[in-house]
Each structure stands twice: as C-alpha cells, then as structure tokens.
Amino acid sequence: MFSELINRVISKGNSEDLAKLENSISDFLESNHYFSVIEPFILGKGKRIRSILYFLNWNSDNSSLKKYKTAAMIEMIHFASILHDDVIDNNFSRRNGNSFLKEQGKRNSILFGDLLLVKAINELLKIHSDELLVKNFCMRECSAMAYGAVSERMLSDKSSLDDCLKVASLKTGALFKLSCFLGKYLSSGDFDKAKSAAIFGLCFGTIFQIQNDFDSYKSPIFSESEDFVQKNITTPILILRDFFDFDLERFFNSNQENYESIKQIIHSARFRNVTSGILKKLSQIVFSNEIFQV
C-alpha cells in the first residue's frame, strides 16, 4: 500500500551518515556496562528510518559529533519502546531473528526498556542542555509516545477510525515528528521550516504505522499475525467494520477461517482504495515534501 513510499525513504539513506550513527550508538552502549546484554539486538539492526529522515532534513555541511549523538538517542528511544511493545504483544521474533523478549524474558525486557528509555532521554537533554526549545520539544514528543501506547490499549470495537489514527499519530508519529524537527532545526535554526518538517514527520509516521498494521495480515497463518492473535483493534479492522460491514465478532473468534476471510479483504484492491482515500490528506503532505522532489 504505502510500502513503496517507505522504501523510497530508506533508499535515500547516506551510508556515511549511517556508519557514523552506528558508531555513536556503539559509544553510548559501551558507556554503560549494563547495556552489553542488549547491544547485539541494537547494533546494525532495523531500517533506521527515523534517523534517515533526520539526516534528510539536515540542511548544513556541519557534521559534528552532536549531530550523530542526537540521531543515536532517537534510535535508543525507539528501541526502548520496542522492548516494551514486544512484552505487551508477546512478540518473540524481531528483525528476522529472536526478539530480546524471547532471549531474556519479560522481566529483563521491561527493566532494560525502562533503563534505556531514561538513559537515552537524559542523554538527549544533556546534548542540548543550552537549547530550551529543543529540550521541551523532545520531552513533549516522548510524552506523546507514552500517551499513545496507553491509548492504544484502550481501543475497542466501539472506537472510531479517528481514534485509531490519533493513536498512530501519537505512538508512532511522535518520534518521526521529533526526528524531522530536530534534523531541520538543529541544522538551520529556522523554526518555521522545522515546524513544516515536523508536520511531514507526523504524517509520515502515521502512514508508517498504518502500513505496519496492514502488513500484520500478510502472514500465511493466523498464529503468526500478532494483531489477529492479540485481538488488537487497528485501522484495518475498523475499516472492515465501517466500509465492509464486517461483523467484528468474527474477528474476536480467533481461527484460521476468520483470519483468511479478513486477510482476503485487506489485500483486495477495494480495501487499498478505501485506505488511500482515508489517508489522502496525510499522503498529500508527505508527497509534497522536498524529500520526494526530484
């Protein structure tokens, strides 16, 4: 659906920037011996799409250590959220391998998620200790992530599509928003341009989450679809209800037949058209951004 959009961003990643990012992540992890256990799950892992957006918004030749330390902390905040998400969703696989949860259990996932989040936010605030605007923006968006994660657990079959999109914009969109804002503001000092970059990041992050929800129904069997097994209310499920008159009791009755019927609709052309229409305004903002201009 929007996977091509996401792949286009990833393809724009600069290898030199990403290599320096990995070095900054490694330096941070090595600064605290407690993190040795999580290092194999972080270094060289993931798409680094938040950092790529941060670098794409960077409008300066200045490539100071501060630039890469900031991106590294964004990645650490993201990974801390992954540690918590995997516990909530009982997700034992991650990035084509075993998740930290699978290897270390729930207790360590929660503890290290907490520690990493606190350390990363604290380091981010130290890096920008003399920039009140940046510090406030960082704290606001990190708070939005936490609020979004809680709000997600409160979604039900009575929730609206707007409720679901708001959760996506908070839980996922907030860190994309922060990445784009920091990249633009730290490199240019132009608040208006940084605000526009933040709006782009928020829209992109929301679309990114919707695509992730959509991808959850690519699994060949329902037991591999976390959203289906956990009965998670996501945007695709509410679209089924509102546009396809789908009885959500069939969703809550977990079995292979129900999964296949849902999967068939979600992967239909009509479903893609409906979703595109719902996300049209977000898509227009994303595609109009300079990142996608030739």
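**Helix packing and cores in a predicted model**

Let's start with isoleucine 262, which lies in helix α14 (residues 256-266). Helices here are DSSP runs of H or I with at least four residues, numbered from the N terminus. This is a predicted model, where local features need pLDDT of at least 70, side-chain atom pairs count only at pLDDT 80 or more, and totals for chains, interfaces and linings use all residues. Residues are numbered from 1 along each chain as its sequence is written, and side-chain values use heavy atoms, with hydrogens and water left out.

Is isoleucine 262 buried or exposed? It counts as buried, because its relative accessibility is 0%. The cut-off for buried is under 20% relative accessible area, with a 1.4 Å probe and protein chains only.

What does isoleucine 262 touch, leaving aside neighbours within four places in sequence? Tyr217, Phe228, Ile237, Leu240, Phe246 and Phe251. Contact means heavy atoms within 4.5 Å. Phenylalanine 251 sits 11 residues from isoleucine 262 along the chain, and their C-alpha atoms are separated by 7.9 Å.

Next, the cores. A nonpolar core is a set of buried Ala, Val, Leu, Ile, Met, Phe, Trp, Tyr and Cys residues joined through side-chain atoms within 4.5 Å. The largest one has 44 residues, and Met76 and Leu116 have the most contacts inside it. Helix α5 (65-89) is among those that supply at least two residues of this core. A second, separate core of 22 residues includes Leu5, Ile6, Cys203 and Phe208.

Now helix pairs. Take α1 (residues 3-11) and α10 (residues 191-215): their axes come within 10 Å and cross at roughly 125°. That makes α1 oblique to α10. Axes are lines fitted to C-alpha atoms, for helices over the stretch in contact, and angles run from 0 to 180 degrees between N-to-C directions. Under 35 degrees is roughly parallel, over 145 roughly antiparallel, 65 to 115 roughly perpendicular, and the rest oblique.

Which residues meet there? Ser3, Leu5, Ile6 and Val9 in α1 meet Phe204, Ile207, Phe208 and Gln211 in α10.

The last pair is α9 with α10. They pack at about 150°, with axes 7 Å apart. The two helices are therefore roughly antiparallel.

Note on methods. Buried < 20%, exposed > 50% of the residue type's maximum accessible area, 1.4 Å probe, protein only.
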